Amino acid sequence: MPDNFLKRRDIGKLIASVRDAGGRFVAPALAARQAVYKDISSAEELDDDYILPRNSYKELVFPQTEVIADFTIGKDGVGLKGRDVTGRDTVVFGARPCEAASLESLRSVFTWGFIDEFCTKREDRLVVITIACTKADGACFCTTVDLSPKSVTGSDVALSETDAGDYLVHSVSEKGKAFIAKHSDVFKAKPSADAVVKPIIMPERIKGVDLEKIKKFLSDTAHYENPVWPELTRKCIGCGACTYVCPTCHCFDITDEATAYGGKTPFEGERRKNWDACQFDNFTLHASGHNPRDTQFKRWRNRFMCKFNYYPKKFSSKGCVGCGRCIRVCPVRLDITEVMEAISKRP
Amino acid sequence: MNNIYLPQLVTIEDIYEEAPDVRSFRLVFKDKFLRDSFEFKTGQFGLYSAFGLGESTFCIASSPTRKGYIQCTFRRSGRVTGGLYDLSIGDTMGFRGPYGNCFPMDEWKGKDLVFIAGGIGLPPVRSVIWNVLDRREDFGKVTIVYGAKTVADLVYKNELEHWEARNDVRLVQTVDPGGETPGWKGKIGFVPAILEETATSAENAIAVMCGPPIMIKYVLNALGKLGFADEDVYTTLENKMKCGVGKCGRCNVGDIYICKEGPVYTAVEVKRMYNDF
C-alpha cells in the first residue's frame with residue numbers, strides 16, 4: 001500500500017518549494033542531447049523519456065572537484081585554512097533503484113576509520129527519490145547483481161509511476177518521511193481510485209553469471225596469474241570513462257592549484273580533491289619508476305576486484321549495482337558482464 | 001568541521017644532505033600545543049606538503065624516543081619532492097599524520113634484532129634502530145645490513161659512522177657491484193646475498209627490513225635460509241598514496257590498503273598478499 005500520492009502536475013510546485021527553502025532540486029534533464037542529473041528550476045526541464053541519466057548522482061556527495069583548503073604563501077609565511085562544507089538541502093528526483101543502492105557503498109569508504117565530512121555532510125542533507133523503472137535497455141543488469149527495479153535500498157522515497165503519469169509514493173527512510181511531511185501539500189494522502197501502476201520492467205538475469213563463483217575465484221590469490229585477465233581486457237584503452245560514470249567508484253587525487261610557485265613572489269592557491277581513476281597508468285606509479293599495476297589488464301583487474309571483492313569483503317557493501325553505465329560509455333565495448341560470465345565459467 | 005585532509009604547518013628547523021638528491025628535514029610544529037603533545041609510533045608515516053605543488057608520502061624517519069620534532073628523508077624525484085627539496089631552513093611546509101600501524105616493538109624485548117635496508121629504504125628502519133638504541137638494554141644483539149647502489153647513495157652517513165663505531169651494534173655495509181669507490185671498506189654485493197653471508201642467527205631474533213619491492217622478495221628468501229620464521233620477519237611496504245586514510249584508492253595491494261592496514265606487515269601477511277606490489 002502506498003503511503004501517499006504525487007500528481008505529475010504538482011512536481012513544479014515541489015521544485016518551487018524545495019528551491020524557495022534554499023534547496024536544490026536535481027533531476028534527469030537533457031544536456032548535450034542526453035539525460036543527465038541537473039539542478040533544475042522548473043518541471044518543464046524534466047526529461048520524460050530517460051532510462052538512466054548518463055552521469056551518476058554520486059557527484060552530489062562526491063563532486064568531480066572541490067576545494068578542501070586555501071593557502072597563501074607570502075613574505076610573512078604561510079597561511080592555511082581548511083574549507084568547511086555545511087551541505088545544502090538537496091533532492092535528487094527520479095533516481096533509479098540500482099543507483100540508490102550505491103550510496104551506502106560510497107559511504108562505507110568515506111567513513112572507514114577516518115570520516116570524510118565533505119562527503120557525509122552532503123549526504124546527510126540529500127533526499128533520494130527513486131522511481132521504479134518502467135523502461136530498461138540492453139545494458140541494464142541490476143537483477144544479475146541481486147537488485148531490481150523494485151529495490152528500495154538507499155532510497156528515501158520510492159515512487160511508482162501510474163498510467164496517468166502520476167506517482168504512488170512509498171516513504172522508505174525517516175528522512176523520506178520527514179520530506180513527505182514537510183511537503184504535504186503536494187504529497188496527497190490518497191491516490192485516486194482509478195490509479196493503475198505501470199508495469200515494472202525486470203531486466204533479464206544473465207544466466208551465465210554466478211556471483212558466488214566470482215567471489216570465490218577472486219578470493220584465491222592465485223587467480224592473479226590467470227590468463228583470463230589479459231585475454232578479456234586487452235582491448236581496454238585505459239580512458240577511465242567507466243570509473244567516472246560508475247556510482248561506486250570513489251578514487252580521487254589531491255592536488256594543488258596555485259597562481260605561481262617558488263621564487264620570492266608571494267602566491268596563493270587551493271588544495272583540491274579531484275576524481276581520479278584506477279585505470280590510468282600513473283595512478284599507482286612510484287617515484288622510483290616502479291609501478292605495481294604497470295599494464296592495463298592489471299588496472300582493469302583492480303577495478304573488477306574492487307567491485308566484486310574489496311567492496312563486498314571489506315565493507316559488506318555492493319561494488320556493482322548493475323546500472324550498466326560502464327557498458328554504455330565504453331568506447332571499445334568492453335562489457336563487464338562478459339567478464340563476469342567468463343569468470344563464472346572458470347573451474 | 002573536521003577536515004581530515006587539512007595539514008598542520010611545520011617549520012623546517014634543519015636540513016641534512018644525505019646523498020645525491022636525498023635530503024632530510026627536521027620539522028617542528030608551528031602550533032605550540034601540537035609541538036608538545038604530538039605522538040607517533042615507530043613505523044607510522046605522514047603526508048608532507050609543498051604548498052602549491054601538493055603532497056607526498058614518507059615515513060617518519062625519526063624515533064618517537066626523540067621528542068619535540070619529527071624527521072623525514074626523501075629523494076628529489078618528482079614535482080612535490082622537487083619543491084620540498086628547494087625549501088630552506090626556516091621555511092614552512094605541511095604535515096598530515098601520523099597514519100598507519102606500527103612495529104610491535106614491545107613484543108621484541110629481550111630479542112636479537114637484525115635490520116636490513118636497501119637504498120632509501122633505510123629511513124623507516126632508522127626509526128626502529130634509534131628506538132632500540134635509545135633503550136639499548138631492552139634488546140639483545142643488534143645487526144644492521146645496509147646496502148645501496150653506490151657509496152654515494154648510502155644515506156645517513158654520519159649515523160652509519162656512529163653505528164660502525166659502537167661496540168653494541170654490528171653494521172654491515174654493502175654496495176652493488178660497480179658502485180664501490182677506491183677506498184671502500186665495506187662489502188660489494190646485493191643485500192640479500194650479503195645478508196646470507198652474515199650468517200646472523202635466527203634464534204630468538206626478529207628481522208626488520210625495508211627496500212624496493214624486488215629486494216623485499218629476495219630478502220624474504222635469504223631470511224628463510226637463515227632459519228627465520230615468517231612471523232618473526234617484519235617489513236614496511238610503501239605504495240603511492242594521496243589521502244593516507246583509506247579512501248583515494250591507490251595504495252591497495254589486492255584487498256589490503258597499505259595506508260590503513262599497514263604499512264608494517266609480517267612476512268606471513270606479505271606472502272598471503274596478491275602479487276600486486
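**Aromatic rings and their neighbours in a predicted model**

Biologist: At 5% relative accessibility, does B:Phe29 count as buried or exposed?
Modeller: This is a predicted model, and the residue in question belongs to strand E2 (residues 22–29) of chain B. Buried means under 20% relative accessible area. B:Phe29 has 5% relative accessibility, so the residue counts as buried.

Biologist: Which residues does B:Phe29 touch, not counting residues up to four places away in sequence?
Modeller: Contact means heavy atoms within 4.5 Å. On that basis B:Phe29 touches B:Gln8, B:Leu9, B:Val10, B:Leu34, B:Arg35, B:Phe38 and B:Phe95.

Biologist: How many aromatic pairs are there over all chains?
Modeller: Rings pair if their centres lie within 6.5 Å. Searching the whole structure gives a total, over all chains, of 34 aromatic pairs.

Biologist: What is the pair of A:Phe217 and A:Trp229 called, given the angle of the planes?
Modeller: Planes under 30 degrees apart count as stacked, over 60 as edge-to-face and the rest as tilted. The ring centres of A:Phe217 and A:Trp229 are 6.3 Å apart and the planes are at 45°, so the pair is tilted.

Biologist: How many residues apart in sequence are the parts that A:Phe217 and A:Trp229 tie together?
Modeller: A:Phe217 is in helix H6 (residues 211–219) of chain A, and A:Trp229 is in helix H7 (residues 228–233) of chain A. Both residues, A:Phe217 and A:Trp229, are buried. Because the two lie in these helices, the pair ties together parts whose separation in sequence is 12 residues.

Biologist: How are the rings of B:Phe29 and B:Phe38 arranged?
Modeller: B:Phe29 and B:Phe38 are both buried. Their ring centres are 4.7 Å apart with the planes at 45°, so this pair is tilted.

Biologist: Which side chain makes a polar contact with the side chain of B:Thr92?
Modeller: B:Thr92 lies in strand E6 (residues 92–99) of chain B, and at 14% relative accessibility it counts as buried. Leaving aside neighbours within four places in sequence, B:Thr92 is in contact with A:Val78, B:Leu9, B:Val10, B:Lys30 and B:Leu87. The polar contact, at 3.1 Å, is with the side chain of B:Lys30.

Biologist: How far from the ring centre of A:Tyr224 is A:Arg301?
Modeller: A charge sits over a ring only if it is within 6 Å of the ring centre and within 35 degrees of the ring normal. In chain B, the charged end of B:Arg126 sits over the ring of B:Tyr156, 4.6 Å from its centre. A:Arg301 lies over the face of A:Tyr224, and its distance from the ring centre is 3.5 Å.

Key: Residues are numbered from 1 along each chain as its sequence is written. Chains are lettered from A and ligands numbered from 1 in the order in which they are written. This is a predicted model: local features need pLDDT of at least 70, side-chain atom pairs count only at pLDDT 80 or more; totals for chains, interfaces and linings use all residues. Side-chain values use heavy atoms; hydrogens and water are left out. Helices (H or I, at least four residues) and strands (E, at least two) are DSSP runs, numbered from the N terminus. Buried means under 20% relative accessible area, exposed over 50%, partly exposed in between (1.4 Å probe, protein chains only). Rings of Phe, Tyr and Trp (its six-membered ring) pair if their centres lie within 6.5 Å; planes under 30 degrees apart count as stacked, over 60 as edge-to-face and the rest as tilted. A polar contact is a pair of N or O atoms within 3.5 Å; within protein, one must be able to donate a hydrogen and the other to accept it, and residues adjacent in sequence count only if both atoms are side-chain atoms.
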